[in-house]
Amino acid sequence: MDLDDLEELATKLHGKGSHWDLFQTAAGAGLVLYAAWAGSLALGIRKVFVQVPFVPSSAKQVSNMMSLLKGRSGKLVDLGSGDGRIVLEAYKQGFRPVVGYELNRLLWQLSHFRAWRAGCYGKVFFRREDFWKADLSDCSNLTVFLAPSVVPLLERKLLSKLPDEACVVAARFPFTWTPSRDAGESLERAWAYNIKDVRQAKQDTAGGGPAKE
């Protein structure tokens, strides 16, 4: 959908009265952000924070991430959810609830617009909150596509907060943990980590290895 299509959509919504009242904020934000965002995509990257750049996930990358979660269910959280594409795909794959954390206001607004356009408005949740403070104790599945600079701190947080049954999927930039499996190649690659296995490996390392029978 290009900018002209978005403008035409906004015009149609405006003529529908109550529908426009419900979605004018999301649509308006989407129109404004789309124009600004299109130029940044030409560079392939747009800085949101000094340490955490916003790089849109490709369709193949999202597909690889979801393939590593195949057969799983329950709550899914996407840290640094950007424009919401991973959250929306996770919802389509049957995860419930699905929550994205994104501090940048424009990206957060665009996420709501994309959710409405996909028919998922009110069914997925985007929180404009600091994910470092998020309660992840009930999270069964977690996805991340963040800069390598935050990985060490994030590993410590996830090990201390996630339940044993949780699975973490990281795109493009792997964790220092041993993955249970991976999918894709090069920039499209993703890795899955079972938290219970990671904790056990760390205990074995700290204790000098697994106990012998």
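Reader: Leaving aside its neighbours within four places in sequence, which residues is Asn64 in contact with?

Author: Keeping in mind that this is a predicted model, Asn64 is in contact with Ala183, Gly184, Glu188 and Ala190 once its neighbours within four places in sequence are set aside.

Reader: And where is Asn64 found?

Author: Asn64 is found in helix H3, which runs over residues 59–67.

Reader: Does Asn64 count as buried or exposed, and why?

Author: Asn64 counts as buried, because its relative accessibility is 5% and buried means under 20%.

Reader: Okay, moving on to pockets: how much space lies in the second largest pocket?

Author: The space in the second largest pocket comes to about 180 Å³, and its lining is made up of Ser57, Ser58, Ala59, Val62, Arg85, Leu88, Glu89, Lys92, Arg114, Arg117 and Ala118.

Reader: Which elements give two or more residues to that lining?

Author: Helix H3 (59–67), helix H4 (85–92) and helix H5 (105–117) each give two or more residues to the lining of the second largest pocket, and the largest share, 4 residues, comes from H4.

Reader: How do the lining residues divide into nonpolar, polar and charged?

Author: For the second largest pocket, the lining residues divide into 4 nonpolar, 2 polar and 5 charged.

Reader: What about cavities, how many of 30 Å³ or more turn up in the whole structure?

Author: A search of the whole structure finds 1 cavity of 30 Å³ or more, and about 40 Å³ of space lies in the largest cavity.

Reader: Which residues line the largest cavity?

Author: The largest cavity is lined by Val144, Phe145, Leu146, Val150, Val151, Leu154, Ala171, Phe173 and Phe175, and by class this lining has 9 nonpolar residues, with no polar and no charged ones.

Reader: Changing topic again, at what angle do helix H6 and helix H7 pack?

Author: Helix H6, residues 151–161, and helix H7, residues 195–206, pack at an angle of about 105°, and their axes lie 10 Å apart. H6 and H7 are therefore roughly perpendicular to each other, since angles of 65 to 115 degrees count as roughly perpendicular.

Reader: Which residues make the contact there?

Author: On the H6 side the contact is made by Leu158, Leu159, Ser160 and Lys161, while H7 brings in Ile195, Val198, Arg199 and Lys202.

Reader: And how many nonpolar, polar and charged residues does the contact of H6 with H7 have?

Author: By class, the contact of H6 with H7 has 4 nonpolar residues, 1 polar residue and 3 charged residues.

Notes: Residues are numbered from 1 along each chain as its sequence is written. This is a predicted model: local features need pLDDT of at least 70, side-chain atom pairs count only at pLDDT 80 or more; totals for chains, interfaces and linings use all residues. Side-chain values use heavy atoms; hydrogens and water are left out. On a 1 Å grid over the protein atoms alone, a cavity is a set of points where a 1.4 Å probe fits but cannot get out, and a pocket is an open set with protein on both sides within 12 Å along at least five of seven lines; lining residues have an atom within 4 Å of a point. Grid points are joined across faces, edges and corners, and a volume is the space filled by probe spheres set on the points. Ala, Val, Leu, Ile, Met, Phe, Trp, Tyr, Cys and Pro count as nonpolar, Asp, Glu, Lys and Arg as charged, and the others, Gly among them, as polar. Buried means under 20% relative accessible area, exposed over 50%, partly exposed in between (1.4 Å probe, protein chains only). Contact means heavy atoms within 4.5 Å. Axes are lines fitted to C-alpha atoms, for helices over the stretch in contact, and angles run from 0 to 180 degrees between N-to-C directions. Angles under 35 degrees count as roughly parallel, over 145 as roughly antiparallel, 65 to 115 as roughly perpendicular and the rest as oblique.
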